[in-house]
Structure formats: C-alpha cells, structure tokens
Amino acid sequence: MKITIASGKGGTGKTTVSSNLTTYLASLGKKVVLADLDVEEPNSALFIDSTLVNTKVSNKMIPQWNATDCLLCGKCEEVCNFNAILHLPEEIRVFPELCHSCYACSELCPTSSLPMVAEKIGLINEYESELFSMVEGRLDLGQEMSIPLIAQTIEYVDEHFPEHIKIYDAPPGTSCPVIEASRYSDFVILITEATPFGLNDLKLAVETMKVLNQKVGVIINRYGIGDDGVEKYCQDENIPIITKIKNDREVAKLYSNGELIYNKIEHFKNSLDEIITFIGGLK
Amino acid sequence: MREIVVISGKGGTGKTSLSASFAYLAKQDAVVCDCDVDAANMHLLLDANFKEQRDFHSGELAIINPQICTNCGDCFDVCRFDAITKETDFHVVDAISCEGCHYCSRICPVEAITMQTQKTGDIFISDIKNGAKMIHAKLGFGAENSGKLVSKVKQIAKELALKEDKSYVITDGSPGIGCPVISSLSGANLVVLVTEATVSGLHDLQRVYQLTKTFNLNVVCIINKYDLNMDVTKKIEIYLEEQEVAVIAKLPYDEDFTKAVSVAKPIVEFDENCKLTEQISSSWEKIKIILKDR
C-alpha cells in the first residue's frame, strides 16, 4: 500500500500528518516507512528522533563533450529540444541545468563525442528511528529539476522496503513534482484548510489527480477557522472527508518545536484514528 | 522600476497575505505579479477581474500515427522517460510521461511520430481593487515548465511597469527552491524572505537564503508567527545576523491572517487600524527606503 499525502497549497499540514501518522502506525505494530518527497525542502526528519544510517548520491545523466573526435557538425545542438547544447565555432558547450537526460545528443552524435556522465543533483538519506525507517530526497541548492530525485527516492524505498506500507510526504503545488510523487500511489490524501486559499488550491489539486486517475480523500486542517466552502465542494464532488483536524494553537506550538503531536493531543490522535480506519477500508 | 520578490522556501508562512498587502499599499504605483503559477491565489485577495487572457504554449508532445506505425519498437528503445508503450499493432505515447525531447520522432524509420506544441497554461492580465494591474497565470493540470510560465508572467509584468512608468513590480513567488523559484528570482532588486518561528520554517529559510546568495541578491526577512516559539525566533535571528540579513518585521501569530483571507481581503484592508497593519505598513516603507538607497 502506497499513500501520498499532498496539497495544492503549502503549509497546510502535509508533514505534520505524515510524520505523526507514520509514527503512530509503527507504534501499533505496522510495518511502515515514511518517504519525504518534498526534495526541495525536506523536513520530516526534523520531527522524528532518528539516526542517519545510509546516504546515496543521486545523479542525473548529462552529456560531456569530448573534443578529440568531434567534427563540430552541430548535430547535437540540432537534436536538443531544451537548448542545453550550444554549438560554438570551436567548441560544444553543455548547460547541465537545462538538460533533461534524453540521450538524443549523445546517441545521435556521429563520432560519439558526447558520452553521458553522472552529475550529482542531491542525496537520498535513510534514517532509522526506534520503530521505523524514513527516507528523504534532498535536492542540491541551485538544481532546478527535482523530478529525477523524486523518482530515485521512490525507487530506493521500493527496493529497500518492498513489504512496507509506504507514506509519501509530497511537495506542495500541482505541477510535475507532485505528479511524480502521486502517480504510482494507491491513494492520494489531500490536506487543505477551510479558507478560500485552501479551497482554490484543493480544486487545482483534485483536477490534477483526475488527470492521473488517482482516487482522493480530503483532510481539513485547522478546522473551525475559515468558512464552509471546502466542505460544500467535497460534498458536491463526492470526495470523502477523511477527518477534520481542529484548529489548535497548541498543535501549532508543538509543530514549531519539531515535536510529534498525536501522543500529546487527544483530538489530534482521534483524527489519526479516523485516517487509519479510512485507509484500512481502502482496497 | 524596482522588482520585489517575496518567497519563503516553506509553504504557508504568509507570503501571499504579505505580498497582497504590499500590493494594496503601493496603490497604483505598482504592477503586481503572482508567480506561484502552480497554485495561484493572490487574485482572491485583490479582486482580480481576469480582464485579458493569453494562451501559454510550452513544451511538445510526441504523437504516433497508428496508421503509419510499423510497431518496430525503435521509439520504445530510445525513450528514457518510459513514455512509450506497445499496443497490439502499434506504439502509443503517454502524455504525462512524455518530456517532449523529440528523440523518438527523429529516429522513427517511417516518420510516424509528429511533435505537437502544447498549450500548458493561461496568463491573465487583471485590474485589481486598488486600481493597479496584476499579471497572474494558471498552469494546466499536470503540466510541466512552470519555470517558463513564471518567466513569461514576470516579463509581461515588467514590460507593463516600464510602459506605464510604475515604480514597483511586486512578485509573489512559489514555495520550494526549484525551477519556478529560480525563475521568479531573476532580475529581482530585493528579495523578501518570509519565514515562521517553526523548526521547518528555519530549515527552509536557510536553504532558500543560500539559494538567493548564489545569485548575489539583496535580501531582507520578515519573521511571521514569531511568538509561537521564541526559541526558534532567537535561532532565526542569530542565523540572519550571521548572514547580515535585516529583519524588517516580526509579526505575531494572529488568526486575523486567516480571517482576512476568508473575506478575501489583504490584512491591511481587513483591519486598517490594527497592530498588524501598522507593522506591515512600516515594513513596506522600509522596503521603499532600501530600494531607494540601492
């Protein structure tokens, strides 16, 4: 079972729910692993008392110019659809940040003068806590493309924890990073707030998940503040509301300190119970 | 014309509430620009009227003509994105996986594959409630290239600001440190980092600040919800002091932020006389002075 916890809007509680839910499930004896796929700003590890046990370098493949046999014919520049190659009078220049690793320049070069080489884009870190393991992808600063790292983090988790329930903490938004973090999951939980911002971004996220044919359920966080727009929308769209987490400054405070919440605040734990019951009912 | 870009690393720290407030305070002397094209919602606070719409085209998609396809599988062999699958009599492209690299169409021996330009978003030019103009966008569901859309939105905003002789472009950025954020930073005269007094706020602030440093940008910071955790606020202040980044405001944890959003108003319009409004107004004045000095 793979569950993605996502949201259109940032700061709605993805990390709070995923880190607490995973810990709680583990404490109930479940085999569970948490994957932090918000590789631009991974911070699940801040909430879990754990030790780093393994680190793997994440690479993307880029062409590297080899001048020896190059005819400077310009075929590479012609076939690159991302403007990542510049054909200069006496040189071929590669712009790694624009490269999508399609291999076209490398494999269509008549003299094989652009072999593909690995370039580091980030790290995959595995942490162990008392009860469960956690894996995060961490993008290097200045790297633009997070997709390859998200894909590799998912692969790492699949390889090392094939039998586990997998909880994916997704990045915010609705574009390619979220899609990568959601497309292989069995179910997507969208977390929102009951505000016009929350509703606007929830709608965008729901539409995105429709493109992926993903089934979704909604958690309303900070419930009690804001309006009833989100609830009405979910009813109209037949989207299950899995739980409503009460607006509570104490929760915000524990979160601010990097602390887990479910073991200190009863209503929050009750919400997690509702999530677990819901997940249990999924096929 | 000076461009102010508001970003945060972490989502939900108050970027949009603050940039909409600055936009409201700048009155007609600014063009406002929402670069969070993934999940744009600044228009909700500023009564944007979606006056003008433009299509945004970016990226290509491979299409295999099943009548021509001989099912040889060459396209499948070269595709690095697992975007091509084999049907009984021909191959097909999965639109979500296709990166538009063109490789398959170049090597197809029977030229069965064509590349189609994709409409991946809409750009809007709106009038907003204080008489200014706002540029915003909506990325297509599941679309790529949000960085390019951000660049386009910024370009339109800057051209408009120059044409109409406005003093400021106020840009609301997106969370993260990846391609849309990097695109939103280009050409910024001042970056306002909005953080919050939480361990994740601090963690994400450090990463996003380091990113701005690689581009040699001028940076100031606003600490939101500072009273939620004084220890973390202290750590944020120490970090910023080491980095010689000025803190232009420390705002309290205040549910008025959410209440203002619920009635679709920037906080400075929601309650013109409250302490928050006073603080935000004073940070806007500071921003103007900083920009004048530079």
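In which sense do strands β6 and β7 of chain A pair, and over how many bridges? I looked, and β6 (residues 116-128) and β7 (residues 133-139) of chain A pair in the antiparallel sense over seven bridges. I take two strands as paired if DSSP finds at least two bridges between them. Helices (H or I, at least four residues) and strands (E, at least two) are DSSP runs, numbered from the N terminus. Across this pairing, A:Glu126 stands opposite A:Val135 in β7(A).

A note on ground rules: this is a predicted model, local features need pLDDT of at least 70, side-chain atom pairs count only at pLDDT 80 or more, and totals for chains, interfaces and linings use all residues. Residues are numbered from 1 along each chain as its sequence is written, while chains are lettered from A and ligands numbered from 1 in the order in which they are written.

**The sheet of chain A**

I then traced the sheet. Nine strands of chain A form an open sheet with mixed pairing, in the order β3-β6-β7-β2-β8-β1-β9-β10-β11. The edges are β3 (51-63) and β11 (241-246), each with a single partner strand, so one side of each is left without a neighbour in the sheet. From one strand to the next the twist averages 20 degrees; angles run from 0 to 180 degrees between N-to-C directions, and axes are lines fitted to C-alpha atoms, for helices over the stretch in contact.

Next I checked β1(A). Four of its five residues are buried, so β1(A) is largely enclosed by the rest of the structure. Buried here means 20 or more other C-beta atoms within 10 Å of the residue's own, with C-beta atoms placed from the backbone. β1(A) runs parallel to β8(A), joined by four bridges, and A:Ile3 has A:Ile167 as its bridge partner in β8(A). Four bridges also join β1(A) to β9(A), again in parallel, and there A:Ile5 is partnered by A:Ile189.

Helix α1 (residues 14-27) of chain A lies across β1, β2, β8, β9 and β10 of chain A, running at about 160 degrees to β8(A). Helix α9 (residues 266-280) of chain A packs on the sheet as well, touching β1, β10 and β11 of chain A, and its direction makes about 170 degrees with that of β11(A).

**Where the chains meet**

I found 49 residues of chain A in contact with 50 residues of chain B; contact means C-beta atoms, placed from the backbone, within 7 Å. On the chain A side, α6(A) gives the most, with eight residues. By class, that side has 20 nonpolar, 21 polar and eight charged residues. Ala, Val, Leu, Ile, Met, Phe, Trp, Tyr, Cys and Pro count as nonpolar, Asp, Glu, Lys and Arg as charged, and the others, Gly among them, as polar.

**Chain B**

I counted 11 helices and 11 strands in chain B, and 54% of its 294 residues count as buried. Helix α1 (residues 15-26) and helix α11 (residues 275-293) of chain B have axes that come within 10 Å and cross at roughly 70 degrees. That makes α1(B) roughly perpendicular to α11(B), a label for angles of 65 to 115 degrees. α1(B) brings B:Leu18, B:Ser21, B:Phe22 and B:Leu25 to the contact, and α11(B) brings B:Ile280, B:Ser281 and B:Trp284.

Conventions:
Angles under 35 degrees count as roughly parallel, over 145 as roughly antiparallel, 65 to 115 as roughly perpendicular and the rest as oblique. Two residues are in contact if their C-beta atoms, placed from the backbone, lie within 7 Å. A residue is buried if 20 or more other C-beta atoms lie within 10 Å of its own, exposed if 12 or fewer, and partly exposed in between; C-beta atoms are placed from the backbone.
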